[in-house]
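Biologist: Hi! I have a new structure open and would like a friendly walk through it. Could you help me find my way around?

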Amino acid sequence: MQTGSPFGEEDEVVSTINTTPLVDVMLVLLIIFLITIPVVTSSIAVQLPKEAIEIRETRPENVVISVDRSGAIYWYDSRVSSTEALVQRLEKVSVMRPQPEVHIRGDHAARYESVGRVVYACQLAGITSVSFITEPPARGG
C-alpha cells in the first residue's frame, strides 16, 4: 500500500500567488506618477482671467463680423472678398470717436485660423474693443 499522493511528491498544488509581476507593475506606475506630477503642477504663479457672462446690448454703431464654416468673412450680411479688404474697412471704423466695438460671430465648425485672421485684421486696423458673440448652452444640458 502507498502512502501520500498517488501522483508523487513533485505534483503538489501551489496555493501561493506569485506577487513579483504585481510588484513590478506597481513600481512602474509609481515611477510614471512621479514623472508626471510635476508637469501637472505649475511653479509659476499667474492670475488667470475669470469667466464672466455679460449680457450685452447691441448698439447700431457696433460692427458685426461673421465667419461661416467654410472660413468666409462677412461684414454684417455682405461678404468680404479678402482679409486685406476687411482691414481697409476696419481702418475706416477705427478712426471714429467713440470707436465702435467689433463683434465676431464664428460658426462652431469654422477653423480657428479663420477667426484668428479676423482678430489679426482688427489688431492691424487699430480696433481696441473686440468681442465674441456666443450662444448659451441649452438649459439642463
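Biologist: Which residues have the most contacts inside the largest nonpolar core?

Modeller: They are Ile65, Trp75, Leu86, Leu90, Val102, Val118 and Ile127, in a core of 20 residues. A nonpolar core here is a set of buried Ala, Val, Leu, Ile, Met, Phe, Trp, Tyr and Cys residues joined through side-chain atoms within 4.5 Å. Buried means under 20% relative accessible area, exposed over 50% and partly exposed in between, with a 1.4 Å probe and protein chains only.

Biologist: And which elements give two or more residues to this core?

Modeller: Strand E1 (63-67), strand E2 (73-75), helix H2 (83-94), strand E4 (102-106) and helix H3 (112-125) do. Helices (H or I, at least four residues) and strands (E, at least two) are DSSP runs numbered from the N terminus. In soluble globular proteins, nonpolar side chains tend to be buried together.

Biologist: How should I read the model itself?

Modeller: This is a predicted model, where local features need pLDDT of at least 70 and side-chain atom pairs count only at pLDDT 80 or more, while totals for chains, interfaces and linings use all residues. Residues are numbered from 1 along each chain as its sequence is written, and side-chain values use heavy atoms, with hydrogens and water left out.

Biologist: Back to the core, then. What does leucine 86 touch?

Modeller: Leaving aside residues up to four places away in sequence, leucine 86 touches Ile65, Ile73, Trp75, Val80, Val118 and Ala121. A contact means heavy atoms within 4.5 Å.

Biologist: Which residues of H2 are buried?

Modeller: Ala85, Leu86, Val87, Leu90, Val93 and Ser94 are. The buried residues of H2 pack against E1, E2, strand E3 (78-80), E4 and H3. H2 has 12 residues and reaches 16 Å from its first C-alpha to its last, close to the 16 Å expected at 1.5 Å a residue. That expected span is 1.5 Å times one less than the number of residues.

Biologist: What about serine 70, buried or exposed?

Modeller: Serine 70 counts as exposed because its relative accessibility is 63%. It lies in the loop between E1 and E2, and its side chain makes a polar contact with the side chain of aspartate 68 at 3.0 Å. A polar contact is a pair of N or O atoms within 3.5 Å; within protein, one must be able to donate a hydrogen and the other to accept it, and residues adjacent in sequence count only if both atoms are side-chain atoms. Serine 70 and aspartate 107 are 37 residues apart in sequence and 9.0 Å apart in space, C-alpha to C-alpha.

Biologist: How many bridges join E1 to E4?

Modeller: Five, and E1 and E4 run parallel. Three bridges join E1 to E2, and those strands run antiparallel. Two strands pair if DSSP finds at least two bridges between them. Serine 66 stands opposite arginine 105 in E4 and opposite tyrosine 74 in E2.
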